[in-house]
Amino acid sequence: MLLPELRAEVCRLHALLTANHLVAWTSGNISARDPASGLIVIKPSGIGYDDLTPENMVVVDADARVVEGDLLPSSDTASHCYMYRAAPEVGGVTHTHSRYATAFAALGRSIPCVLTAMADEFGGEIPCGGFALIGGEEIGQEVMRCLRDSHSPAALMQNHGVFTIGKSARAAVKAAVMTEDVAATVWLAEQLGAPIPISAEHIAQLHHRYTHIYGQPTEEIIA
Ligand SMILES: [Zn+2]
């Protein structure tokens, strides 16, 4: 069987989506790219999270053709593959319909950068792309268009949900968790009044500190 370790990793990471209450029923998906072969491991379509195993993950090539697997890959596979082709540094993609972030998406609204945690993690707002139908590459194209001029590893898709990228699948999952966390806080803040924007200069300083100085020296190894 191809890529047994990456299959196990992608399967294990899906449990973080349910543990963090980011998905309902079979919605959401994670993929990871094997740097050596360029092959991509992705969740099978329509399988419940409790039934995911390393063996039933699907392996596809960069053009979304199934290389190994008995089940159909996620209906977002073509978009994941587009994102990998567009960004060689990307090693993982995560997609959820997490509640607070998707509420912003339903309005076609970006999440404004009004928290230092957002400046740290996203380097600015979390942008919201336009509407795209599911099934082809259009979502992937729109996500990458949104992220091109942004420090953010996460984009919202109008009327749909959250797509995140990372150097690894684990990093992409972390971005999905943090997206929902800040979306919930910004939503709460908006119930109290008008959140105060952080200046572009302060956002840049916070993002630089977080991405260059913060954390343990070994963090890159385990991230
Ligand atoms: Zn979706």
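## Cysteines

This predicted model holds zero disulfides. The sulfur of C113 is 16 Å from the closest cysteine sulfur, which belongs to C128, and that is too far for a bond. A disulfide would need the two sulfur atoms to be within 2.5 Å. C146 is in no disulfide either, as the nearest cysteine sulfur, again that of C128, is 6.9 Å away.

C113 is buried, with a relative accessible area of 7%, and C146 is buried at 11%.

## Zinc site

The zinc ion has three histidines as its protein donors: H95, H97 and H160, each through its NE2 atom. Along the sequence the donors follow the spacing H-x1-H-x62-H.

The site links distant parts of the chain, since H97 and H160 are 63 residues apart. H97 sits in the loop between β5 (92-96) and α3 (99-106), while H160 sits in the loop between β7 (154-157) and β8 (161-166). H97 is partly exposed, with a relative accessible area of 35%, whereas H160 is buried at 11%.

## Nonpolar core

The largest nonpolar core has 20 residues. Those with the most contacts inside this core are M83, V90, V93, I139, V143, M157 and I165. Two or more residues each come from β2 (40-42), β3 (58-60), α2 (77-86), α5 (138-148), β7 and β8. Of the elements, α5 gives the most, with five residues.

M157 shows what surrounds one of these core residues. Leaving aside neighbours within four places in sequence, M157 is in contact with A105, C128, G129, G130, A132, I139, E142, V143 and F163. Two of these contacts, I139 and V143, are themselves listed with M157 among the residues with the most contacts inside the core.

## Helix α7

Helix α7 covers residues 200-212, which is 13 residues.

Which residues of α7 are buried? They are I203, H207 and Y210. These residues cover an arc of only 70° around the axis, so they are on the same side of α7. An α-helix has 3.6 residues a turn, so residues three or four places apart point the same way. The cover over the buried residues of α7 includes α4 (116-122) and α6 (169-192). On the other side of α7, E201 and H212 are exposed.

Methods:
Residues numbered from 1 in each chain as written. Predicted model: local features only at pLDDT ≥ 70, side-chain atom pairs only at ≥ 80, totals over all residues. Heavy atoms only, no water. Donors = N, O, S within 2.8 Å, 3.2 Å for Na, K, Ca; no water. Helix = DSSP H or I, 4+ residues; strand = E, 2+ residues; numbered from the N terminus. Buried < 20%, exposed > 50% of the residue type's maximum accessible area, 1.4 Å probe, protein only. Expected span 1.5 Å × (residues − 1). Arc of directions from axis to C-beta. Contact = heavy atoms within 4.5 Å. Core = buried A, V, L, I, M, F, W, Y, C linked by side-chain atoms within 4.5 Å.
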